[in-house]
Amino acid sequence: MPRLRAVLIALAVTATGITPAHASSPTPSITVENGRTQPVFSYTDAIREHVYVESSTDSDADGKPDQIRVDIIRPRESGPALKVPVIIDESPYYDNAGRGNESERKTYDAAGNPLKFPLFYDNYFVPRGYAVLNVDMNGTTKSDGCPDTGGRSDVLGGKAVIDWLNGRATARRADGTPVNADWTTGKTAMIGKSYDGTLANAVAATGVQGLETIVPISAISSWYRYQRSNGVIYSYDYMSWLANYVDTDPDAKCAAVRADMDARDGDDTGDYNPFWAERDYLDGLLTNVSKMHASVFAVHTVNDLNVKPDNFSKWWQALARNNIPRKIWVGQYQHVDPFDFEGRRDLWVDTLQQWFDHWLLGVNNTVMRQPRADVQTSTNRWITQSDWPAPHTLKVSLHPASDGSLGLTPARRGQTATFTDTRQTEDAMAADIGTAVPARAAFTTGPLPLDLRLSGTPVIDLRLALDRPTSNLTALLVDYGQDTRIDWRRGQGITTLTEESCHGESTAADDACYRKVAVNLADRPLEIVARGWIDVQNRDSLSRPSPLPPGTYGRVRWETLPQDYIFKKGHRLALVIAGTDATYSGEAATGANVTLDLARSTVQLPLVLTALGGGDVPRDKTRWRGPARVTLPVPENTFF
């Protein structure tokens, strides 16, 4: 058997063009040592070229298929005799916002071929035997067509590139000459942050063959969830605004496409409709997780209030239901790339390499045997877990009472709290917590006798009555206690330094060095930990609103955004219920008066009792399975 195994490994290595590090070869070939590909190909001498791939859509209605610009850098030795895998970063931002913390843009030579590829992917992976493709999303940079903000033409443009790499689509050079991708195995990865990662999610959810893995960073999985929360609108006409922002053509070219977006986005109601179903990659009209076969290495941060973290938590749950191979990093920053997580840049690059080596080249390394989840639990501490949220959490229900307390004991029947739906910032909602104000209802625990880690998604469950047919509601979970925390509101949580680190090889036009970062910290008396919003008329359905008859009590249950956060011993945990959130919603307040039936209202928290050994460990080698029943030293309504 050992002999047979050796023969099979040798055959597999030969078939994929991989050479063990100790083997000799007259020309460079993909070389593996210690479970990682080695930099044996010249970055300076790499082939730099561009092609135009024909999409299946005609988004600008000019009677011709959209042409998707693909900038390529690959080892000079790649070709029919040495086929290499592909890493794609498809983006709408290559000639406007730029990519990465330093806002890098593409540059070109006199012949129109690429000179600079933003980010480090080309510098690092091309010498290791990969091709890197920077793809201009349809309607942006040098691709034609019109941006569709997550819709059909956005998705199918990227899919066409995968199809071309696998011989199923047509591409041409600038002079119209047809060109085949005879230099690739067809095995492809997509990676990117924000819109780029969103395109990776979307293309993977078409089920396209050849896309073996994706690395979505701070990525959208549902554009409804990106722009709505249970009927509450974050920004009006955002989809057409974003389409115009990324389109550097004259405004008139795609004006009709943007007008159609405005007509179909349902901004008059906030409801889920076919416009949003087209842009839903979990269970949409065009894309669906059930079609996927690509593995996923997801990265998101719980304080990302741009691409809010329910975009990753719902995606993560769907991946699990469909048995998709997966890995995740969960950070505490705002909209930040893991390359810029303080102190983890080298680890990120190495883990990413192992991931690509495994899924694109079949390298037998440890990446799939490592703990599935890396989670940041404080300013400078990361832990590993077998999954996310933390396994073995306790679902703890806390009850508000008319005296302003929040505890384990339900309020007595007949206790109520009232407030008026007023448009105010979340900072105003959380201010002066012990003072009664007419625009909110606030409830706090006593000082916590031990650390409590929240890991997952809190659930708000209220019984309430209105004096109008509907109202916007905001729920905040707040940690009251002076502490030094990551200041994710300032600079996304990081400050860019002058010192650089280098990852890969450089040329005069494209260097591999990037400025380091430091985490921003702030000492402050409170932290708004979790937040969630709902329009009461969408309490039962996102697509079929149901006004609540004035004066009639009804149940309103919804999830906040997910979090992973430690409430420290001695701090107080608070629940704030208020109306329209001016910080994150453009909507006007309804002015409705809201009455809460406190005896039938709760907030459910997924908690890890860190003092009892649950979840928060440096390595996931010790698993706390939890006793059948936990008894805590809890005087009535003082622990919570």
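1. First, a term you'll need: a disulfide here means a pair of cysteine sulfur atoms within 2.5 Å. In general, a disulfide is a covalent bond between the sulfur atoms of two cysteines. Searching the whole structure turns up 2 disulfides. If you number the bonded cysteines of the protein in sequence order, the pairing reads 1-2, 3-4.

2. Before going on, some ground rules. This is a predicted model, where local features need pLDDT of at least 70 and side-chain atom pairs count only at pLDDT 80 or more, while totals for chains, interfaces and linings use all residues. Residues are numbered from 1 along each chain as its sequence is written, and side-chain values use heavy atoms, with hydrogens and water left out.

3. Let's take C146 and C254, which are joined by a disulfide with an S to S distance of 2.0 Å. The torsion about their S-S bond is about -90°, so this disulfide is left-handed. C146 sits in the loop between β9 (131-136) and α3 (152-165), and C254 in the loop between α6 (238-246) and α7 (255-264), so the pair ties together parts that are 108 residues apart in sequence. (Helices, H or I with at least four residues, and strands, E with at least two, are DSSP runs numbered from the N terminus.) Are C146 and C254 buried or exposed? Both C146 and C254 are buried; that word means under 20% relative accessible area, with exposed being over 50% and partly exposed in between, using a 1.4 Å probe and protein chains only.

4. Now look at C502 and C513, whose sulfur atoms are 1.9 Å apart in a disulfide. The link of C502 and C513 has 100° about the S-S bond and is right-handed. C502 lies in strand β26 (residues 494-502) and C513 in strand β27 (residues 513-519), so this pair ties together parts 11 residues apart in sequence. C502 is partly exposed, with a relative accessible area of 47%, whereas C513 is buried at 16%.

5. On to the sheet. It's an open one of 4 strands, in the order β22-β31-β25-β28, with antiparallel pairing; two strands pair if DSSP finds at least two bridges between them. From one strand to the next, the twist averages 20°.

6. Finally, zoom in on one pairing. Strand β25 (residues 472-486) runs antiparallel to β28 over 13 bridges.

How values were computed: Axes are lines fitted to C-alpha atoms, for helices over the stretch in contact, and angles run from 0 to 180 degrees between N-to-C directions.
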